[in-house]
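Thanks, everyone, for making the time this morning. I would like to take you through one model, with the cut-offs given as we go.

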Amino acid sequence: MSLAHGRPYLAIPGPSVIPDRVLRAMHQGSPNIYEGPLIDLAASLWPDLRQVAGTRHHLAAYIGNGHGGWEAANANLFSKGEKALVIAVGQFGLSWANSARAMGIEVEVLDFGKSTPADMDQVEAALRADRDHRIKAVLACHVDTASSIRTDIPALRAAMDAAGHPALLAVDCIASLGCDEYRMDDWGVDVTVAACQKGLMTPPGLAFVWFSDKARARCGRGDLASPYWAWGPRVDATEFWHIWDGTAPTAHLYGLRAALDMIAEEGLTNVWHRHRVLAGAVWAAFDSWSAGNPAIGMNVAKPADRASSVTAARFGAPHATRLRQWCETKAGVTLGIGLGMAAETDPAYHGFLRVGHMGHVNAHMTLGALAVMEAGLVALDIPHGPGALAAAARVVAAGAL
Ligand SMILES: *Cc1c(COP(=O)(O)O)cnc(C)c1O
C-alpha cells in the first residue's frame, strides 16, 4: 500500500517548491515586449533583487541557470591565463573551478574536502604567497549544496584583507540567497552569483550576477566576455532587449515578481529566521536518530558551519537510498540524493542523502518530512534513536515564539 496520494513534497535542495502564487502569476500569454506593463514590471524587480542580495550596486540578469551565472562571473572577472583562487568545501566549489578552467582561466583550488569548513589561515597564506598578484579573484560558495557547508564570508573577506591582496571576492549564493543571512555590501563582496530556482522560489531559468564598482571596472577589459555574457551592455541598456540580449523571459518575470512580493511581505530577516529554525528542527531530529545509530549523522559537525537551506547526511549504505525510495513511493516526500560524496557506481553512494529546506517551506512541511523519514526508518528496520520528532517539534515551538 502506498500513502503517497496527496500533494507531493519535493524536499530536494533545488529546484524548490514553487508557490501557487508564483505559478498563477506565470500563467499568462505573451505580452508586448516593446512597451507597456511588462517593461514596468521588469524594472520593479531590480530594487528588490538588490535588496535580497544586500547591495546597492550593479545587477546583470540572464536567461540561464546557476552554471550560466558562474560563466557570467568568470567571463567578466578574468582574461584567459589570469588566475582564480577557488575555495572548495564540496562538489559545487569544485564545479565552479572546472567551469573557470574550461574557459582558459588558471585555477588554484584550496580543497578542504567534503565535510570540513574552509581554514581561513590557509586562504590568507595562499594569497600572501601570490606576491605578484596573479590571482584576480577568489571564488567561494556561500553554501555548498553538496556538503551543506556554509562558509563564513566575512571571515573570508577578513583573510583577504589580512593578506593585503587586491583580488576581488566572488560568492556563489545560489543555494543561500533568500535562505541564509547575506549582506553583499556590508561583507565586502564584489560579485554575487545566484539563480532563481532555490530560495527565490521560481522555476529554473534565471541567473543573476550582482557586482561592485571595482568588479565593473574590470569587465570589458578581458578577452572572455562574449556578447551574451558581458555585463556592460546589460547594465548600460538603452532598450529593453539589451537587458536580456534578446527576448525577455516573460513568464519568469511574472513569477519572480510574485516571489519577491512574498519575500517582501514576510520580511527578509523573517525569511532567514524561518529557514534557520526549520534547519534546526532537521538537525534536532538527526541528533536523536544518530544517538541510537552511529551510522546516521549529519555531514557538518558544527551548527555554525551548516547551511539553513539544506542538510547533507549519511545513513550507512544502502539505507539512504532505501529511505529515499520509501519516502517517495510510500509517502509522497522526495528527498535529495547525496551529491559528490561517492561515485554513483560505488556502493557507498547509497549511504548519503540530503534534506532540502529552502524557499517556500514552512513548519508543517519540514515536520511532515521528518515524520515521514521516521516512519521510513521504522518500516525499513533501520536502527535509530528515539525522540526525533519531539525534539524537532520543540525547536519549532521555540522558534515560533
Ligand atoms: C544549484 C547550485 C548550482 C548549480 O545551479 P544550476 O542551476 O543547476 O546550474 C551552483 N552552485 C550552487 C551552490 C548550487 O546550489
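I will go from the ligand to the salt bridges, and then to the cysteines and one proline.

Please keep in mind that this is a predicted model, in which local features need pLDDT of at least 70 and side-chain atom pairs count only at pLDDT 80 or more, while totals for chains, interfaces and linings use all residues. Residues are numbered from 1 along each chain as its sequence is written, and side-chain values use heavy atoms, with hydrogens and water left out.

Let me begin with the ligand. Which residues are around the ligand? The shell, where a residue counts as near if one of its heavy atoms lies within 4 Å of the molecule, consists of Asn 65, Gly 66, His 67, Trp 70, Phe 92, Val 143, Thr 145, Asp 172, Ile 174, Ala 175, Gln 197 and Lys 198. These divide into five nonpolar, five polar and two charged residues, where Ala, Val, Leu, Ile, Met, Phe, Trp, Tyr, Cys and Pro count as nonpolar, Asp, Glu, Lys and Arg as charged, and the others, Gly among them, as polar. The element that gives the most to this shell is helix α3, residues 66-77, with three residues; helices (H or I, at least four residues) and strands (E, at least two) are DSSP runs, numbered from the N terminus.

Turning to individual atom pairs, an oxygen of the ligand lies 2.6 Å from a side-chain N or O atom of Lys 198, and a nitrogen of the ligand lies 2.7 Å from a side-chain N or O atom of Asp 172. For Asn 65, the distance from a ligand oxygen to an N or O atom of the side chain is 3.5 Å. The ligand taken alone exposes 390 Å², of which the protein buries 89%, with areas from the Shrake-Rupley method and a 1.4 Å probe.

Next, the salt bridges. Over the whole structure the search finds 15 of them, each being a side-chain nitrogen of Lys or Arg within 4 Å of a carboxyl oxygen of Asp or Glu. Arg 150 and Asp 180 form one, with their closest N and O atoms 2.8 Å apart. Because Arg 150 lies in strand β7 (residues 149-150) and Asp 180 in the loop between β8 (168-172) and β9 (191-195), this pair ties together parts that are 30 residues apart in sequence. Both Arg 150 and Asp 180 are buried, which is to say under 20% relative accessible area, with exposed being over 50% and partly exposed in between (1.4 Å probe, protein chains only).

Asp 20 and Arg 7 also meet in a salt bridge, at 3.7 Å from N to O. Asp 20 is in helix α1 (residues 20-26) and Arg 7 in the segment before β1 (9-11), 13 residues apart. Asp 20 is partly exposed at 35% relative accessibility, whereas Arg 7 is exposed at 70%.

As for disulfides, defined as pairs of cysteine sulfur atoms within 2.5 Å, the count is zero. For Cys 196, the nearest cysteine sulfur belongs to Cys 179 and is 13 Å away; Cys 196 is buried, at 0% relative accessibility.

Finally, Pro 318 sits in the loop between β12 (310-314) and α12 (319-331), and is partly exposed at 40% relative accessibility. Its C-alpha atom is 8.5 Å from that of Phe 352, which is 34 residues away along the chain.

Terms used: Polar contact = N/O pair within 3.5 Å; in protein donor to acceptor, adjacent residues only side chain to side chain.
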